[in-house]
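Subject: Structure handover

Hello,

Here is the structure we spoke about, with its sequence. My notes on what turned up in it follow below.

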Amino acid sequence: MSYDTVVVGAGLAGLTAALRLSERGQRVLVVARGVGATHLAPATVDVLGYLGDTQVASPAASVPVLISSSPNHPYAHVPAEQLETSLEWFCTKTAALGYAGNLDENLLLPTALGVPKPSALAPRSMSGGDLRAGGRFVFVGLKGFKDFHPTLIADNLNHARLPNPIEARALELVPPSSRRGDLSGRVIAGGFDTEDLIDWLAGALEDRVDPDERIGVPAVLGLRSGDATWQELEKRLQRKVFEVATLPPSVPGIRLSDVLSSALRTAGARIVLGVRAVGARAKGGRIEAVEVVNATGTVSYPVSSVVLASGGFASGGLELDSFGATRETVFGLPLIGLPNTDRVRFAPHYFDAQPLATAGVATDDQLRPVDASGSPVYENLHAAGAILGGATPWKEKSGTGTSVATGYAAAEAILTPAPTPVSEAVR
Amino acid sequence: MNVLRSLPWTPLASASLEHCSDAALRGFSTILVERRDLADGTTGRFHGLLHSGGRYAVKDPSAARECIAENRILRVTAADCVEDTGGLFVSTPWDDPEYGDQFLEGCRATGVPAEEIPVAEALRREPRVNPGIRRAFLVPDAALDPWKLVWGCARSAEEHGARILPYHRVLDLEVDGERVVGAHVRSERGGEEFRIHATVVINAAGAWAGQIAELAHCTVNVRAGMGLMIAMNHRLVHMCVNRCKRPADGDILLPLRTACVIGTTDVFVPDPDQTEIRQDDIDLLLDEGEKLVPGFRQARALHAWAGVRPLFEDTAKVAETRDVTRSHALLDHSSREGVAGFLTITGGKTTTFRLMAEAAVDAACEQLGGLRPCTTAQVPLAGSESHTLYQISHRLAAREPVPQSEEIICECELITRSGLEDTIKQRDTTSLDDIRRLLRLAMGPCQGGFCIYRAAGILHQGGQVDQAGANQTLLDFLEERWKGVHPILHGDQLRQARLDDWIFQGILDVEHLPV
Amino acid sequence: MNSLIRDSLDHCVKCTICETYCPVSQVTPLFPGPKYIGPQAERYRGAGPPADSSVDYCSGCGICTQVCPHDVKIAEINSRARAKLWEKRGVPLRNQMIARPTVIGRLGTPVAPLANWALHNRAVRGLVQSVVGIHRDAPMPSFAGRTFQSRARRHRGPAGAPAVVYFHGCGTNYYEPLVGEMVVAVLEHNGFRVIVPPQDCCGLPLQSNGNFPAARTYVRRLVDRLVPHARAGLPIVSNSTSCGLMLKREAHEILGIEDDDLKLVSESMYDLCEFLLHLHDRGELRTDFMSLPMTVPYHAPCQQRGHGIGKPALDLLALVPDLHMIELDVDCCGIAGTYGLKKEKYEISMAVGERLFKEVTATGSDLAACDSETCRWQITHGTGVKSVHPIELLYRAYGLDRRTRAGSVSPELQTARVSG
């Protein structure tokens with residue numbers, strides 16, 4: 001098959017770009033080595049949580065400040081109105097998960113360590129954990145589930161600096177015998193999908209929670225049934241219930257990936273996992289075909305445009321070898337954010353500023369990777385997500401926001417000004 | 001009697017523990033003082049090779065004889081710490097194959113069993129080893145788990161009435177006239193200071209032995225030889241593979257628990273507490289690894305660490321640390337400086353730690369008036385009573401009956417929740433790093449990326465620490481772990497480290513924990 | 001190669017994504033999951049005997065490897081560990097039997113009526129379950145009585161046309177020869193001459209049952225049959241996705257066969273739908289399709305997804321007027337070749353398939369499409385819905401069931417009806 005666009009990478013940035021392109025009529029192929037980092041990250045959209053050491057209250061107000069101090073930041077290539085449009089579009093596409101929040105004010109959601117963390121958007125099953133208004137909270141653990149420790153969450157929140165006072169406590173429940181042993185979040189979520197775990201949970205909580213307490217549960221309320229289970233639980237308990245992100249894998253992240261993938265399939269896109277994009281056949285500064293290794297060997301997919309959303313070091317989009325050389329692993333693109341020395345030396349303290357933290361590709365305003373002179377490497381190659389240099393998203397709390405914004409912006413850059421003619425299959 | 005594990009944490013941790021254990025076994029009232037945690041010194045940082053003696057057969061025959069004798073003893077008395085991997089000496093294209101003849105001759109002369117095998121047979125046993133090797137020899141090398149060894153000694157000593165004081169620093173030795181009569185000690189955790197009275201003090205402070213001796217106005221010339229090691233993610237070899245040549249840097253690659261370790265380097269350092277890992281030394285080990293196992297540089301390095309050998313020089317100066325004998329030295333300060341009740345045992349190597357303890361306690365017996373026989377060559381260490389040699393599959397086999405019956409907290413090292421909780425209670429510790437040395441928590445590929453959050457939560461839930469304490473030990477652990485990881489960070493381990501950054505900073509937001 | 005598969009465990013960052021997708025560990029605590037058994041347990045496997053028999057509960061579906069974002073060859077590590085386990089313990093008789101479809105096929109074909117009666121007789125199956133260990137309810141196909149090979153020998157294709165080699169696999173040969181004839185008919189309709197070399201089992205069932213030495217023998221024998229055609233530059237197509245994948249990749253990656261002939265065959269292998277879609281990409285596929293006003297759910301089997309070729313069946317069937325295919329989003333039907341036949345694994349296999357069964361049923365269609373034969377049998381077993389290879393829909397869309405071109409379609413096919 002010939003495709004208009006091949007998207008490399010099935011994480012949030014890749015899925016966002018692919019969906020935007022597909023719904024605008026492009027025939028899209030997503031190739032990825034496996035599923036994306038959506039499965040690891042909480043499903044919140046973190047646009048900007050920290051500027052240096054300062055907590056960000058309003059991403060809308062702080063993103064321009066960030067751009068002025070970090071001109072290479074990916075947000076520098078996404079106009080403010082497009083950032084807003086991309087989030088609105090994202091909320092529409094993920095209506096099944098009911099994202100709440102906006103760019104003007106960050107929510108403050110508790111992490112699994114009990115740290116209030118800023119996020120612009122969160123699925124409604126999580127947004128009820130917003131700590132800003134204060135109040136009383138109970139955090140509910142499940143015996144046998146090692147990725148969520150309510151006592152530590154509650155104790156830390158009681159010591160946290162928050163705009164309004166809160167009072168948090170912990171509660172541990174023993175799951176029914178069918179769900180004992182070494183439980184993963186995925187397995188518990190499966191229990192909410194297929195068994196009557198909700199009856200058990202609602203029953204177990206009913207008499208043990210005060211009417212004015214909000215109930216924080218680990219984000220395992222079902223995979224396919226997650227949002228419905230959450231709604232049902234609030235209804236039955238007549239109390240505010242919210243999910244708290246656990247250690248990876250992230251059940252809300254899988255829900256998000258499923259919603260986007262399913263929308264993609266409906267829009268006619270094809271997702272192929274377990275394959276590796278390894279390069280391009282290019283001519284005249286354009287990529288004519290993307291080369292992909294599958295079970296047999298290397299095949300070429302002719303394309304009009306390409307979106308590179310292969311992730312950073314954590315996802316294998318970037319690699320550092322034992323001799324100290326850093327490379328972009330698909331197209332061998334030029335990188336920024338590399339140390340000036342010939343050899344990378346990491347700083348001796350973990351929380352020090354580390355080399356390679358901002359490594360990645362630099363782009364023009366159409367999100368096309370550029371070389372040192374600022375010219376696009378390929379006219380029709382765009383990049384999105386964690387492969388982009390200039391940011392330290394895990395510190396800024398800007399990872400998912402960057403993925404949505406740049407994934408959307410890369411798609412828009414392909415769609416406008418005018419879609420290029422579809423090339424014929426050449427294999 | 002008093003065994004000092006000294007001012008600093010000591011290189012020969014188990015040696016001193018064994019002194020303690022040996023002394024306790026002989027019925028002496030014994031106390032051991034260690035400035036940091038047990039196994040945090042040189043023993044806990046050695047490469048893990050239980051020498052057959054082959055390595056010293058040509059150059060240091062007396063060390064070779066000691067090694068093979070101790071090797072045979074430890075397989076019985078410390079069986080739970082020993083894995084019978086076997087050893088292989090190979091002549092790579094960079095080594096003179098004729099050295100093999102000297103090697104065989106040296107082994108014959110020192111009683112180290114050695115057998116030349118065809119290269120094809122060696123490659124069948126170790127398919128990853130450089131196919132260009134020209135000769136291969138089998139020897140009874142084995143892997144020795146240093147942490148298990150230390151804990152085995154500690155438990156044995158305690159079972160025989162010894163007291164062990166980790167995290168206690170020796171501030172001074174008490175000298176009464178011409179006799180050491182005790183020590184002035186401070187707890188590094190609680191801060192309280194107290195005095196310990198003893199008839200005999202054994203200085204087993206390894207590379208720090210000189211510093212301890214000074215407290216009694218004695219002189220011990222110990223130089224610190226830093227050795228660097230890198231743990232690789234899984235077993236690239238199943239036997240202890242040595243280069244068949246005169247001992248040099250980076251010529252040993254051996255399986256140790258689930259990892260394999262390449263070692264070592266050897267550089268004099270002026271201060272045993274200053275062991276900065278240099279990039280050149282990392283590269284040297286990686287390059288030497290590449291010679292032994294082609295593709296080594298693409299394999300995943302987990303972490304690097306340095307240990308400090310105590311190199312005793314009594315008289316003549318030596319230029320190269322490798323030329324210092326690896327036999328130990330027992331110094332009776334009454335004959336040397338006229339200070340009675342004070343012995344220093346230093347030099348040596350982990351393989352001969354038991355022998356060193358025997359010698360030291362024998363000497364102590366003399367001072368205490370009457371030899372009590374040493375039993376450490378016969379009595380098994382705690383944990384080794386069944387004489388069952390350790391096998392790599394032990395932890396996997398233990399989980400096998402019902403793999404999901406309970407939470408596995410550290411998945412890389414297969415540590416269960418009850419195992420973790422029991423250890424926390426038994427050793428009464430609140431430090432995740434201590435738990436690491438006890439259980440190997442967070443020693444696997446993810447280097448704590450997943451289990452450290454869980455373990456901190458469990459520590460806190462069990463009431464061992466308050467929230468601030470849990471947060472602090474979590475942050476301390478991240479810092480401590482980084483020390484070993486950052487020097488080798490590349491390839492798959494950088495990918496892991498970045499995922500761990502996302503977990504700790506992106507998801508859990510540890511930077512903003514209330515501490 | 002041995003070390004390359006094991007070395008891939010170095011890429012594991014413990015993210016656990018594989019375990020969120022493993023269909024088996026979600027339904028039974030007996031299998032601790034692909035990460036546990038794969039890259040994690042592999043670090044505990046030394047030169048000694050394997051300590052973990054739970055690896056035998058891995059069904060070998062291969063989903064873990066497909067979804068792993070870090071190129072860890074999880075299923076392959078597990079497969080090798082399983083082989084090592086059985087190497088030490090000896091492969092049980094039951095597994096030896098069900099892993100040899102050619103032997104079963106040769107025994108059953110001459111006595112098809114009797115064999116089929118026995119295969120579907122409750123009392124006999126009860127006895128088989130207790131004596132042999134094959135679950136009494138496990139889906140069993142019926143012997144066709146005449147093999148596809150014997151039919152193909154009599155078939156005369158168009159002379160002078162470009163040739164394509166057909167690797168049909170055991171399922172087609174002994175149980176579904178009609179599918180083979182449809183494959184031939186569709187290829188001939190597109191102007192090919194179809195060569196059907198004599199052929200045997202690819203060794204996949206032996207491999208998944210842990211008998212690597214025997215599996216290697218079968219692969220080599222098959223490669224010997226196919227390689228002259230590959231040398232002649234002919235494409236080889238297969239309608240059995242799992243057997244095709246065996247030749248494309250697994251014989252090399254899992255069995256560790258390093259062989260130029262295998263490499264050549266592997267490079268010449270195409271999944272049937274992949275091949276037809278390539279024709280279409282080149283503008284060479286006939287598109288004289290008739291309307292098929294039907295709605296059919298399509299399940300891409302795990303092994304099909306392992307090819308990494310997308311879902312060419314859907315792309316092809318999209319060309320058929322009025323045919324509406326529903327792409328099901330379920331990972332596994334549970335059968336995993338011979339896994340679901342075993343008495344101790346049947347329940348697991350059915351629990352794995354439950355979601356797929358529900359989704360198939362929910363479409364309300366009385367026909368489902370799926371590329372792999374054992375998966376089709378499982379779907380039918382779990383839902384009562386007839387399940388066909390996509391080629392059957394193409395065959396019908398081309399109107400080949402209504403044509404009577406002498407020599408190209410056997411008489412049976414003219415009466416073969418696609419229901420729905």
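In chain C of this predicted model, helix α15 (residues 241-253) and helix α16 (residues 260-268) have axes that come within 8 Å and cross at roughly 145°. On the α15(C) side, the residues that meet α16(C) are Leu247(C), Lys248(C), Ala251(C) and His252(C). Their counterparts in α16(C) are Leu262(C), Val265(C) and Ser266(C). Sorted by class, this contact has 4 nonpolar, 2 polar and 1 charged residues.

Staying with chain C, the domain assignment gives domain 1 as 2-89 and domain 2 as 286-397. The C-alpha centres of these two domains of chain C are 27 Å apart. Their contact takes 11 residues from domain 1 of chain C and 12 residues from domain 2 of chain C. On the side of domain 1 that touches domain 2 in chain C, 6 residues are nonpolar, 5 are polar and none are charged.

Chain A also has two domains in its assignment: domain 1 covers 5-93 + 255-415, and domain 2 covers 130-239. The distance between their centres, taken over C-alpha atoms, is 34 Å.

Chain A contains an open sheet of 4 strands in the order β10-β9-β11-β12, with parallel pairing. The edge positions belong to β10 (166-173) and β12 (241-244) of chain A, each with a single partner strand, so one side of each is left without a neighbour in the sheet. On average, neighbouring strands of this sheet are turned by 30° against each other, direction ignored. Strand β9 (residues 135-142) of chain A runs parallel to β10(A) and is joined to β10(A) by 8 bridges. One pair to look at is Gly141(A), whose bridge partner in β10(A) is Glu172(A).

Next, the contacts between chains. Where chain A meets chain B, the contact takes 42 residues from chain A and 42 residues from chain B. On the chain A side, the elements that give two or more residues are α5 (150-158), β18 (318-320) and α10 (393-396). Of these, α5(A) gives the most, with 4 residues. The class count for the side of chain A that touches chain B is 19 nonpolar, 12 polar and 11 charged residues.

The contact between chains A and C takes 31 residues from chain A and 33 residues from chain C. Here the elements of chain A that give two or more residues are α6 (185-194), α9 (251-266) and β13 (270-273). This side of chain A, the one that touches chain C, has 12 nonpolar, 14 polar and 5 charged residues.

That leaves the interior. In soluble globular proteins, nonpolar side chains tend to be buried together. The largest nonpolar core here has 438 residues, and Val30(A) and Ala455(B) touch the most other members. Leaving aside neighbours within four places in sequence, Ala455(B) is in contact with Ile409(B), Leu420(B), Leu432(B), Ile435(B) and Leu441(B).

Also in chain B, strand β2 (residues 31-34) is covered on both faces. Ile31(B) and Val33(B) are buried on one side, and Leu32(B) and Glu34(B) are buried on the other. Strand β9 (residues 163-165) of chain B runs parallel to β2(B), and 3 bridges join the two. Within this pairing, Ile31(B) stands opposite Arg163(B) in β9(B).

Regards

Key
Residues numbered from 1 in each chain as written. Chains lettered and ligands numbered in written order. Predicted model: local features only at pLDDT ≥ 70, side-chain atom pairs only at ≥ 80, totals over all residues. Contact = placed C-beta atoms within 7 Å. Nonpolar A, V, L, I, M, F, W, Y, C, P; charged D, E, K, R; others polar. Axes fitted to C-alpha atoms, helices over the stretch in contact; angles between N-to-C directions. Domains from an automatic or database assignment. Core = buried A, V, L, I, M, F, W, Y, C linked by C-beta atoms within 7 Å. Buried ≥ 20, exposed ≤ 12 C-beta atoms within 10 Å, placed from the backbone. Pairing = 2+ DSSP bridges.
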